[in-house]
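Subject: Handing over the model

Hi,

Here is the structure I said I'd pass on.

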Amino acid sequence: GEEVCGLYLVGRPDQRVKITLENADIGADCDEEVIVFLDGWELNGNILPSVEDHHMPLDQRFVEFCGSHRRPIQLVSTQNNAMVQYKIKKPGHRFLVSVEYIPNPDPCNILMSDLTGV
């Protein structure tokens, strides 16, 4: 189908999120199958933090990928949240990501300051 799925990641307020695409085997046509790393979250068509609330333009806050890949691709968030969006149609197509939470010495645009129950 055309459904886009997402993995929402959030760390402590004093952390940043580092996402690494370790391996991918998906279609080469980005309109058909795609993986996107986003510095922030997308929710119901809205980007959080919004363009107005972030110091970087949106085109510098995401990495899009399609095709086969064996070399790591990384995105490091500027705040404590990030996401992986993906659309994969064909059985057997797959990708592998690793997630690391790294220190953020200057927290800004914190998504959630209290992670109790998360």
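Below is what turned up, going from the sheet to the core and then to the charged residues.

Some housekeeping first. This is a predicted model, where local features need pLDDT of at least 70 and side-chain atom pairs count only at pLDDT 80 or more, while totals for chains, interfaces and linings use all residues. Residues are numbered from 1 along each chain as its sequence is written, and side-chain values use heavy atoms, with hydrogens and water left out.

**The sheet**

There's an open sheet of 4 strands in the order β1-β9-β3-β6, with antiparallel pairing. (Strands are DSSP runs of E, at least two residues, numbered from the N terminus; two of them pair if DSSP finds at least two bridges between them.) β1 (5–10) and β6 (62–65) sit at the edges with a single partner strand each, so one side of each has no neighbour in the sheet. From one strand to the next the twist averages 10°, taking axes as lines fitted to C-alpha atoms and angles from 0 to 180 degrees between N-to-C directions.

β1 and β9 run antiparallel and are joined by 6 bridges, with G6 opposite Q85. β3 pairs with β9 over 5 bridges, again in the antiparallel sense. Here V34 faces K87 across the pairing, and I35 stands opposite Y86. β9 is also mostly covered, with 6 of its 7 residues buried. For accessibility, buried means under 20% relative accessible area, exposed means over 50%, and partly exposed is in between (1.4 Å probe, protein chains only).

**The core**

The largest nonpolar core has 13 residues, and I19, L21, I35, F37 and F65 are those with the most contacts inside it. By nonpolar core I mean a set of buried Ala, Val, Leu, Ile, Met, Phe, Trp, Tyr and Cys residues joined through side-chain atoms within 4.5 Å. At least two of its residues come from each of β2 (15–25), β3 (34–38), β8 (73–76) and β9 (81–87). β2 gives the most, with 4 residues.

Leaving aside neighbours within four places in sequence, F37 is in contact (heavy atoms within 4.5 Å) with I19, T20, L21, R61, F62, V63, I73, L75, M83, V84 and V97.

**A buried arginine**

R61 is buried yet has no salt bridge, and the nearest side chain of opposite charge, D39, is 4.5 Å away. Lys and Arg count as positive here and Asp and Glu as negative, with His and the chain ends not counted. A salt bridge is a side-chain nitrogen of Lys or Arg within 4 Å of a carboxyl oxygen of Asp or Glu. Not counting residues up to four places away in sequence, what R61 touches includes F37, L38, D39, I47, H54 and L75.

**Salt bridges**

The whole structure has 4 salt bridges.

- R12 with D14, where the closest N and O atoms are 3.4 Å apart. Both partners are partly exposed, R12 at 46% relative accessible area and D14 at 37%.
- K18 with E100, at 3.3 Å between the closest N and O atoms. This pair links distant parts of the chain, as K18 is in β2 and E100 is in β10 (residues 94–103), 82 residues apart. K18 is partly exposed at 22%, and E100 is partly exposed at 41%.
- R94 with D25, at 3.9 Å, N to O. R94 lies in β10 and D25 in β2, so the pair ties together parts that are 69 residues apart in sequence. R94 counts as exposed at 52%, whereas D25 is partly exposed at 23%.

Most residues other than glycine have a negative phi. N44 has a positive phi of about 55° although it is not a glycine. You'll find N44 in the loop between β4 (41–43) and β5, exposed at 72% relative accessible area.

Happy to go through any of this on screen.

Cheers
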